[in-house]
Every structure is written in C-alpha cells, then in structure tokens.
Amino acid sequence: MLNKLEKAQQQWGGYSDVIDYWLTLRQELLVQYCKVAGLSGNNKNCLPTEEELNRFCEALVDYISAGHFKIYDMVMERWKATGFSTNEEIDGLYLHIVETTEPLLNFNDKYSGFVLDDDNFAGFDSDISTVGEIMEVRFEKEDMLIQLIADSLAIPPGA
C-alpha cells in the first residue's frame, strides 16, 4: 500500500489542493495502520497500545469523513462550475468506495477506546488484516476515480 501511495503522490502530487489533501490524509492513515498492524519499527508482531489503536481509528474516521463530506463535495462543486456531470463509470467507482465505508466504520466502532490483551488478540489480528485489504481496495478505486476526475476537468464539457 505504501508503494502505491508513493506512486499516487508522484502522479497526482501538486495537481490540485484537493487531491494533495486527500493523499496527505491517506499517508497519515497508512502510517497509523502500519503501527497498529505491527508492520513497522519496534511494533513488529506486537499488540498496539491503546493510544496507537485510537490514533488509527481517528485517522480512519478522518479519512472516510474527508472523502465523503469534503473531497467529493469539492469535486462536485468544481464539476458544476465547469458544466460537467458524472457518468456511469464514475458513479460505479463511487459506489464501490461507499461499499468499503461500513466495514471500516464497524472496525472503528469495535476498537475505538478498546484495550487489546492476549485474550482478544486473535480477533484483532484477523480484523486488522481485513481492514488492510479493504483499505487497499478503497485506495485502488479512489485512484481510478482521481484519474477520471482529472480527465474530466482537463477537457471542457462539449469539447
């Protein structure tokens, strides 16, 4: 996921403030994910602390919220200003992104404010792995959506 983020940042960094903001939030989410999933530094194969888990849950909710309530609204406003409207492909991608939201929020609801111990670690390991898989699918769909958005805004309607 980190390699794909770097690729997206290279491809889209500086393209627009909205996309830069989105990618910055994604980077923070991935950093926090690596910490709680035991994929970085001293945390390898260790349970995350309550603070690390809460930071991840906050980053997850912030990322989802920014997408649904800020990024997508900004894009729609820009489209309206240029006379562009969505199409079946864009709507389909957006639907796939929305479908990832509920399982991610369910993870947050389950683990926000949660203290991990050896008794419930097995469930957490499976849950955090699933979250990683869902995030990867979401990021892939978002990158495809970014491409479609960029293409749509580069060509004026009717051109």
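This report describes the helices, the nonpolar core, the aromatic pairs and the salt bridges of one predicted model.

The model is predicted, so local features are reported only at pLDDT of at least 70 and side-chain atom pairs only at pLDDT 80 or more, while totals for chains, interfaces and linings use all residues. Residues are numbered from 1 along each chain as its sequence is written, and side-chain values use heavy atoms, with hydrogens and water left out.

## Overall build

The chain has 5 helices and 0 strands, and its elements run α-α-α-α-α from the N terminus on. Helices (H or I, at least four residues) and strands (E, at least two) are DSSP runs, numbered from the N terminus. Of the 159 residues in the chain, 38% are buried. Buried means under 20% relative accessible area, exposed means over 50%, and partly exposed lies in between (1.4 Å probe, protein chains only).

The accessible surface of the chain comes to about 8900 Å², and 51% of this surface belongs to carbon and sulfur atoms. Accessible areas come from the Shrake-Rupley method with a 1.4 Å probe, and for residues only the protein chains shown count as cover. Among contacts between residues at least 6 apart in sequence, 77% join residues at least 24 apart; a contact means heavy atoms within 4.5 Å.

In soluble globular proteins, nonpolar side chains tend to be buried together. The largest nonpolar core here has 36 residues, and Leu 29, Phe 56, Leu 60, Phe 107 and Met 135 touch the most other members. H2, H3, H4 and H5 each supply at least two residues of this core, and the largest share, 11 residues, comes from H3. A nonpolar core is a set of buried Ala, Val, Leu, Ile, Met, Phe, Trp, Tyr and Cys residues joined through side-chain atoms within 4.5 Å. Leaving aside residues up to four places away in sequence, Leu 60 touches Leu 29, Leu 104, Phe 107 and Met 135.

## Aromatic pairs

Across the whole structure, a search finds 6 aromatic pairs. One of them joins Phe 56 and Phe 107, edge-to-face, at 5.8 Å centre to centre with 80 degrees between the planes. This pair links distant parts of the chain, with Phe 56 in helix H3 (residues 50-82) and Phe 107 in helix H4 (residues 88-111), 51 residues apart. Phe 56 and Phe 107 are both buried.

The ring centres of Tyr 63 and Phe 139 lie 5.6 Å apart and their planes are at 75 degrees, so this pair is edge-to-face as well. Tyr 63 is in helix H3 and Phe 139 in helix H5 (residues 121-154), 76 residues apart, so the pair also links distant parts of the chain. Tyr 63 and Phe 139 are buried. Rings of Phe, Tyr and Trp (its six-membered ring) pair if their centres lie within 6.5 Å; planes under 30 degrees apart count as stacked, over 60 as edge-to-face and the rest as tilted. Tyr 33, Phe 56, Phe 107, Tyr 111 and Phe 124 form one aromatic cluster.

## Salt bridges

The search of the whole structure also finds 5 salt bridges. A salt bridge is a side-chain nitrogen of Lys or Arg within 4 Å of a carboxyl oxygen of Asp or Glu. The table gives three of them.

| Residues | N to O distance |
|---|---|
| Arg 26 and Glu 142 | 3.2 Å |
| Lys 110 and Asp 127 | 2.8 Å |
| Arg 138 and Glu 142 | 3.1 Å |

The salt bridge of Arg 26 (3.2 Å to Glu 142) links distant parts of the chain, from helix H2 (residues 17-36) to Glu 142 in helix H5, 116 residues apart. Arg 26 and Glu 142 are both buried.

Lys 110 is partly exposed, with a relative accessible area of 48%, and Asp 127 is partly exposed at 21%.

Arg 138 and Glu 142 both lie in helix H5, 4 residues apart, about one turn of the helix. Arg 138 is buried, with a relative accessible area of 1%. Not counting residues up to four places away in sequence, Arg 138 touches Tyr 63, Ile 64, His 68, Tyr 72, Ile 97, Thr 100, Thr 101 and Leu 104. Arg 26, Arg 138, Glu 142 and Asp 143 are linked in a network of salt bridges.
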